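Here is a short tour of one protein model, written to be read with the structure open beside you. Take a moment to find your way around before reading on.

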Amino acid sequence: MRTIRERLSDIWNRSGVPERDDLLDLVGRASEALSAEDSAIRPPDASGQPGGFVRLERGLPVILVPDLHARPGFVSAVLAMELSFSGARGRSRRDAVTTLDAIAGDDACLVFLGDAFHAERGALDRWLAAYREFRLGHVLSAPMGEEMRDGLKAVSLVLELKASFPRAVHFLKGNHENARNEEGGGNHPFGKFAEEGRMTREWFLARYGTDALERYARMERLLPVCLAGDRFVASHAEPARGYSLGAIVNARENPEVVEGLTWTDNGEAAEGSAQAMLGECLPDVPDARYFVGHRCVTGGYALRANGRVVQIHDPDAYQVAFVPPDRALDLSRDLRRLKG
C-alpha cells in the first residue's frame, strides 16, 4: 500500500486533471470519512448523520487555512510548514516538525475554511479566455482545462488528507462548494469574472459525466459548516446572526444556517452575531476569537465585530493562522505567511 506521502506526491505531480476513476475513488474515500465521523467530535443531526458542527479534540494546536481558490501550492506549503511546540498532551517531540508530521502524529489539527475551486487574482485572463470559448460552445477548452487542473489538484490534496487523517483534518463548506451551481439549500450560483459556477458544472459534466458530478455534490453536502477549538470558532464566512448549536448541527435541514455561515458579505452580519456564536460554543473563554475567510483582506487580516472576528483570506499570500490551545491569540505571532 502506498504511503500518504506517496499519494500526496502523485496528486502534486499530476500534469493534468485526474482520471474519472481516480477522482471518484478519492471522493468515495473522503465521503466515507465524512460519514463516519466520531460523534464526540461531530455530533449527529436529527437523522443520525454527522451534523454540521465539529468540536475539535481538546489540547491541540490548530492550523487554520483560508480560501484555497485553486491554489494547490498553498496546500503544499501548509504541509511543509515547520511547527515548534512541545508534544501534545505532554508527549515529547523534537523541536520542529512539519504540519504533515504533526497531523500524522495526532499532535495538531488542520482546518480548511472552504472554497477549493475557482481561482481569483492572477486568473482573470484565464477566466476571460475560457469564457470566450464557453460562449462559442467549447466547454472543454484549454484555459478551462488549466483552471480545473488547479482546482481539482487543490481539492484532491485536501480530500486525501481528510480520508487519511479524519480526526485531525477538517474541511468546512464554503460558498464555492457547490459543484452543481445550484440555487437552494443555502447555495447560490456563482459568477465573478465570468460564469465560473456554470462553467465548472458544465466542464465536470462533459469531462466526467452526470453520475460523477452527483457523487461529488453528495460529498460536498457531507461537509460541516462550523467548527470550534479550545479558544476559537470558525466558519467560512462571518455568521449572519447568532445560531444555536442545535441549528448548526442540523444545518442540512436549515438552509438559512448554511447560507449565513458561507455567504455573508462584509457589513451584512447582524450586530452581535459573532459574539453570540462565541458565547454559544465557548461560554467559558472570554477572549476567544471567531475566524473566517470568504472576503479578501489586504495587509494580512481584518478585524470585525469589535475585534472578535479575524478575517484571514489574503489572496496574494499563503497565509495561515496557528491557534495554540493554551493562550490568547497573538496576531503578530500566530498569523504566518508561508513561502510558495
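Predicted model: local features only at pLDDT ≥ 70, side-chain atom pairs only at ≥ 80, totals over all residues.

The buried residues of α8 are Ala212, Leu213, Tyr216, Ala217, Met219 and Glu220. These residues cover an arc of only 155 degrees around the axis, which puts them on the same side of α8. What lies over them? The cover for the buried residues of α8 includes α2 (20–35), α6 (142–164) and α7 (196–208).

Helix α6, one of those covering elements, is worth a look too. It has 23 residues and reaches 32 Å between its first and last C-alpha, close to the 33 Å expected at 1.5 Å a residue. How enclosed is α6? Of its 23 residues, 17 are buried, so α6 is largely enclosed by the rest of the structure.

**Aromatic pairs**

A pair of aromatic rings is described by the distance of the centres and the angle of the planes. In this model the count comes to 6 aromatic pairs. Two of them are set out here.

| Ring pair | Distance of centres | Angle of planes | Type |
|---|---|---|---|
| Phe204 and Tyr216 | 5.6 Å | 50 degrees | tilted |
| Phe232 and Phe291 | 6.1 Å | 80 degrees | edge-to-face |

Take the pair of Phe204 and Tyr216. Phe204 lies in helix α7 and Tyr216 in helix α8, so the pair ties together parts that are 12 residues apart in sequence. Both of these residues are buried.

**Charges over rings**

The charged end of Arg135 sits over the ring of Tyr131, at 4.6 Å from its centre. Lys153 lies over the face of Trp12, 5.5 Å from the ring centre.

**Two polar side chains**

Next comes Arg231, placed in the loop between β7 (226–228) and β8. Which backbone oxygen lies 2.8 Å from a polar atom of the side chain of Arg231? It is that of Arg327. Arg231 is 54 residues from Val285 along the chain, yet their C-alpha atoms are separated by 6.5 Å. Leaving aside neighbours within four places in sequence, the contacts of Arg231 include Leu282, Val285 and Asp287, together with Pro324, Pro325 and Asp326.

Gln311 lies in strand β11 (residues 309–311). It counts as buried, at 3% relative accessibility. The side chain of Gln311 is joined to that of Asn266 by a polar contact of 2.9 Å. Not counting residues up to four places away in sequence, Gln311 touches several residues, among them Asn266, Val292, Arg295 and Tyr301.

**Loop residues to look at**

Most residues other than glycine have a negative phi. Against that background, Asp106 has a positive phi, near 60 degrees. Asp106 is found in the loop between α4 (99–104) and β5 (109–112), and it counts as partly exposed at 44% relative accessibility. Asn181 also has a positive phi, near 55 degrees. Its place is in the loop between β6 (169–171) and α7. Asn181 is buried, with a relative accessible area of 15%.

The loop between β6 and α7 also holds Gly185, which counts as partly exposed at 48% relative accessibility. Gly185 touches Pro255 and Val258, not counting residues up to four places away in sequence. Between Gly185 and Arg201, 16 residues apart in sequence, the C-alpha to C-alpha distance is 17 Å.

Methods: Residues numbered from 1 in each chain as written. Heavy atoms only, no water. Buried < 20%, exposed > 50% of the residue type's maximum accessible area, 1.4 Å probe, protein only. Helix = DSSP H or I, 4+ residues; strand = E, 2+ residues; numbered from the N terminus. Arc of directions from axis to C-beta. Contact = heavy atoms within 4.5 Å. Polar contact = N/O pair within 3.5 Å; in protein donor to acceptor, adjacent residues only side chain to side chain. Phe/Tyr/Trp six-rings, centres within 6.5 Å; stacked < 30°, edge-to-face > 60°. Lys NZ or Arg CZ within 6 Å of the ring centre and 35° of its normal. Expected span 1.5 Å × (residues − 1).
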